[in-house]
Amino acid sequence: MANPTDRQTLSAAAPAAAEGAAVDLEAAFCDSHVAEVLDALDRDLVGLKPVKTRIREIAALLLVEKLRRQVGLEAGPPALHMCFTGNPGTGKTTVALRMAEILHRLGYVRKGHLVAVTRDDLVGQYIGHTAPKTREALKKAMGGVLFIDEAYYLYRPENERDYGQEAIEILLQVMESQRDDLVVILAGYKDRMDRFFESNPGMSSRIAHHIDFPDYSAEELYAIAELMLERMQYRLAEPARAALREYIELRRARPHFANARSIRNALDRARLRQASRLFERRTGRLTKDDLAAICAEDIRASRVFRSSEEEGAP
Amino acid sequence: MMTNTGNRITQGQFSFLPDLTDAQITAQIEYALKQGWAVSVEYTDDPHPRNTYWEMFGNPMFDLKDPAGILMEINECRKTFPNHYVRVTAFDSTKGWETPRMSYIVNRPRKEPGFGLVRQEAGGRQIRYTVHSYATDKPEGERY
């Protein structure tokens, strides 16, 4: 693979002579089985167009970097630490899981597991407690991905004796010196994350990829709901579909809306109501269809519908 | 023990071999982790063969997936105690009881003075034998 002609075509970047390299790329792409993960990402996650594009770009970069190394072109290991910003329930954790798998398949992390932590897992309660805690989390994540949810809580400017700063320093040190051993993904709200980076320029400069997760549209949320129900082997009755669309519209306008997470909670409550409805009636035999169907009344019983009329407590 | 070449103490696995490289240590840890064992790092400056319980360098590491974290801890311990004995122990708790399954030295003092044979006369011209580590003549922390 590393014959001199290959190297020439690569360095000259002549499009006509790039066929030899193109074959390699295709083979490497197939070998890595990254396509499966990327396709699964497209299939399982509704919407998130910019995120998917970005993940594809990163996967392409990593693959090309791997090939470059095979032919002896050195550019140093690519920086892989990332930052996912977006509102709650936009799929940050799910995408981080997929990212871990992509990195594993391309050989950039050895094990490909994801360790999700928050401030509580990193920052200690008293002097000397933080460093071992942070190091333990880091050790657990080695060979995989460390996912720090709501990372901005690590930094508390209002309390200068806060131990969060110590955790940040240890993180930075390991992020820099053990880049081959783990990848750190920070996640949180966009505006707070920006402020966090402003006050921690060291962290900002070590993160190569900033990916912003947009909110879902009503249509996408409906698609997500259908996908979730399908996976739980439920089925929406015809009138329930309209009810669900209406529900999504109302719920979006209300406070504490957490995108897909709110939808999942709503569906869980609908399941609860379906079960109690079946239980109340308890007459005759239930068909498989009865057990799978979610009716309009299961959704319309939600508080969201009630308080839109009377504007009471949620 | 006293007759081995180079006067190196031989405790645990691999102790008759040349010092393990970091790559070899990593491979051994990898094996231990694959068995579901918890790995810990310990150090001492008292190499008596009956000194079973060495000081723990941090807690045993549970739920690790990759040896890199343990190697980080080993290097940290070597940095803190460059002239002590450091060993890696793998504990098996998967069966409900706990036992060390692996134990090997990953760091030694530059110079190991070894052991002397001590003869103690007891009643009836009886002689009791024991070994004594020359290093322990000095107080803890100043031995190597």
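A disulfide is a covalent bond between the sulfur atoms of two cysteines. This is a predicted model: local features need pLDDT of at least 70, side-chain atom pairs count only at pLDDT 80 or more, and totals for chains, interfaces and linings use all residues. Residues are numbered from 1 along each chain as its sequence is written, chains are lettered from A and ligands numbered from 1 in the order in which they are written, and side-chain values use heavy atoms, leaving out hydrogens and water.

**Cysteines**
- C77(B) counts as buried because its relative accessibility is 0%, and buried means under 20% relative accessible area, exposed over 50%, partly exposed in between (1.4 Å probe, protein chains only).
- C295(A), at 22% relative accessibility, counts as partly exposed.

**The sheet of chain A**
- Five strands form an open sheet in the order β2-β3-β4-β1-β5 (chain A), with parallel pairing.
- β2 (114-117) and β5 (209-213) of chain A each have a single partner strand, so one side of each lacks a neighbour in the sheet.
- On average, neighbouring strands of this sheet are turned by 20° against each other, direction ignored.
- β3 (residues 145-149) and β4 (residues 183-188) of chain A pair in the parallel sense over five bridges; two strands pair if DSSP finds at least two bridges between them.
- D149(A) stands opposite A187(A) in β4(A).
- Helices (H or I, at least four residues) and strands (E, at least two) are DSSP runs, numbered from the N terminus.

**Helices across the sheet**
- Helix α4 (residues 49-70) of chain A lies across β1 (82-86) and β5 of chain A, at about 155° to β5(A); contact means heavy atoms within 4.5 Å.
- Helix α5 (residues 92-105) of chain A lies across β1, β2, β3, β4 and β5 of chain A, running at about 155° to β1(A).
- Angles run from 0 to 180 degrees between N-to-C directions, with axes fitted as lines to C-alpha atoms, for helices over the stretch in contact.
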